[in-house]
2 protein chains.
Amino acid sequence: MTGTADGERAPEDVLVALADPIRREVLAVLAREGGATSTSLAAGLPVTRQGVAKHLAVLDRAGLVRAHRAGREVRYEVDPQPLRQAMRWMDTLATQWEHRLDAIKDLAEGTTGEA
Amino acid sequence: MTGTADGERAPEDVLVALADPIRREVLAVLAREGGATSTSLAAGLPVTRQGVAKHLAVLDRAGLVRAHRAGREVRYEVDPQPLRQAMRWMDTLATQWEHRLDAIKDLAEGTTGEA
DNA sequence: TCAAGGCGCAACCTACTGGTTGCATAAAGG
DNA sequence: CCTTTATGCAACCAGTAGGTTGCGCCTTGA
């Protein structure tokens, strides 16, 4: 099923997905190896295959990985797009904050040094 | 104390902090209002003051907010810097992924059309 | 000085997340 | 056809994150 498959995904899913160290490691391995299965991933991680599978499910829901069935294997690979989206979301947020802070600062200056 | 106060903070703290909807809301209010106290925040949120305080502690640990004591009040305001840092971290990650994906693609092309 | 407002700390509760084991199912390959 | 290998599903377990209440301490301001 590969996630919700809609282009406009909520950035919070990505944040939640990235908030776990094992999931970050999974992504790192997937990026390094160019793809892997839950079984092969579990071999190099301190969790069982089922544990990895659950993490992959979370990553898939966030759209950060894509699943491709090949015979009896299911191969996963990373997708940078949702990451880029989340970055844009954060950029908007940070910019808003900065504007507010500037506004506050200006206000303070206006109060103390009023011409 | 205002967080760990070191310039190079792990981006994962920011991710964890941002992964919670209430914390995102807290940040939104702080940015909109230009600062607030745990008590005033709790008034507009579906949690108690103590709940808000815990969230503020998490945000503070991530460096996303700064606490300023004013008499018997503690006023919090947002700090965009860790957000920017986290974005840079994500950018590095996304870029890495994209490079790997390109490498894989090139490899596939090379295999089929070897000159 | 004393009441009220605002915080901080600690104990406690609950739900969910991360993890496991066990079994069923499906594709490869002899 | 039977064995092996890989995945999928479900039940179950433990730790912790998010939330609450209760209480004590410190400022403010009348």
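This is a predicted model: local features need pLDDT of at least 70, side-chain atom pairs count only at pLDDT 80 or more; totals for chains, interfaces and linings use all residues.
Biologist: What is the span of helix 2 of chain A, and what span is expected?

Modeller: From first C-alpha to last, its 13 residues reach 18 Å, close to the 18 Å expected at 1.5 Å a residue.

Biologist: What lies at the start of helix 2 of chain A, and what comes just after the helix?

Modeller: A side-chain oxygen of Asp20(A) comes to within 2.8 Å of the backbone nitrogen of Ile22(A). Just after the helix, Gly34(A) has a positive phi of about 80°.

Biologist: Why is the pair between Gln50(B) and a base oxygen of DNA strand D called a polar contact?

Modeller: The cut-off is 3.5 Å between N or O atoms. A polar side-chain atom of Gln50(B) is 2.9 Å from that base oxygen, so the pair qualifies. For the side chain of Arg72(B), an N or O atom is 3.2 Å from a base oxygen of DNA strand D.

Biologist: Which element gives the largest share of the surface near DNA strand D?

Modeller: Helix 4 of chain B, with 4 residues. In all, 20 residues surround DNA strand D; by class, 4 are nonpolar, 9 polar and 7 charged.

Notes
Residues are numbered from 1 along each chain as its sequence is written. Chains are lettered from A and ligands numbered from 1 in the order in which they are written. Side-chain values use heavy atoms; hydrogens and water are left out. Helices (H or I, at least four residues) and strands (E, at least two) are DSSP runs, numbered from the N terminus. The expected span of a helix is 1.5 Å times one less than its number of residues. A polar contact is a pair of N or O atoms within 3.5 Å; within protein, one must be able to donate a hydrogen and the other to accept it, and residues adjacent in sequence count only if both atoms are side-chain atoms. A residue is near a molecule or strand if one of its heavy atoms lies within 4 Å of it. Ala, Val, Leu, Ile, Met, Phe, Trp, Tyr, Cys and Pro count as nonpolar, Asp, Glu, Lys and Arg as charged, and the others, Gly among them, as polar.
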